[in-house]
Amino acid sequence: MSRDINNKYWDEELETLPREELEKRQLADLQEIVKFAYDNAPYYKRSFDEAGVKPEDIKTLKDIQKFPFINKKTQRDTQGVGSFLGELAAVPEEDVVFISTSSGSTGVPTIALSPRRTSMNSRTQRAAGSGRSVSVRLTAMCTRSTSRFMSAVPT
C-alpha cells in the first residue's frame, strides 16, 4: 500500500472513525489482546487469576479497570524468570525481532519486546511528523495503559 508522506494520518479511515465505531473496534481489540496475554504470558495469567478476573469479563472499555496493571517493579521482578524474555513475554523468543531497554537510571533496566512493527508505532511516528522514509524506534514504556499489551499481539 502506498501512502502520501504529507498526509497527517497514517490510516485516515481508522483515525477519523466516528466515536461509536472507534470504541467498538477498541473493545474488540482489547478483548483480543487481553485474551492473548492471558493465554500466552505466565505473569498475566497468574495476576488475572489472583485478581479474580478473566478475559471474558471485558464487556466494555471501562472493564479494563478491573484488571491488574504492571509497573516498573513488576517488569524488573519478571525479567528473566522462566526464560531470557521473562514472564511478561507472550510470544516465543524466536518471534521477537527487536528488544529495547530503558537506561536503568532509576534502577535495573527494563526490557520491551517487539515481535513486529505495529500500526500503533507507525501512527505515533506519523503524528510526530515522521514520513515513511524515517525509521524511529520508540522505547518509552507505557506501564499504566493497555499499550503495554500491544507487544503481546501475534503477527
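**Close-up views of an aromatic cluster**

View 1. Tyr 44 and Phe 48 are both buried. The model shown is predicted. Both residues belong to helix 3, which covers residues 42-51. They sit four residues apart, about one turn of the helix.

View 2. A search of the whole structure turns up four aromatic pairs. In one of them, the ring centres of Tyr 44 and Phe 48 are 5.9 Å apart.

**View 3. A ring pair between helix and loop.** Phe 48 also pairs with Phe 67. Here the centres lie 4.9 Å apart and the planes stand at 80°, so the pair is edge-to-face. Phe 48 is in helix 3, while Phe 67 is in the loop between helix 3 and helix 4 (72-78). The pair therefore ties together parts that are 19 residues apart in sequence. Phe 67 is buried, as is Phe 48.

**View 4. The aromatic cluster.** Tyr 38, Tyr 43, Tyr 44, Phe 48 and Phe 67 make up one aromatic cluster.

View 5. Five helices and two strands form the secondary structure of the chain. Their order from the N terminus is α-α-α-α-β-β-α. The chain has 155 residues, and 35% of them count as buried. Among contacts with a separation of 6 or more, 59% join residues 24 or more positions apart.

Conventions:
Residues are numbered from 1 along each chain as its sequence is written. This is a predicted model: local features need pLDDT of at least 70, side-chain atom pairs count only at pLDDT 80 or more; totals for chains, interfaces and linings use all residues. Side-chain values use heavy atoms; hydrogens and water are left out. Buried means under 20% relative accessible area, exposed over 50%, partly exposed in between (1.4 Å probe, protein chains only). Contact means heavy atoms within 4.5 Å. Rings of Phe, Tyr and Trp (its six-membered ring) pair if their centres lie within 6.5 Å; planes under 30 degrees apart count as stacked, over 60 as edge-to-face and the rest as tilted.
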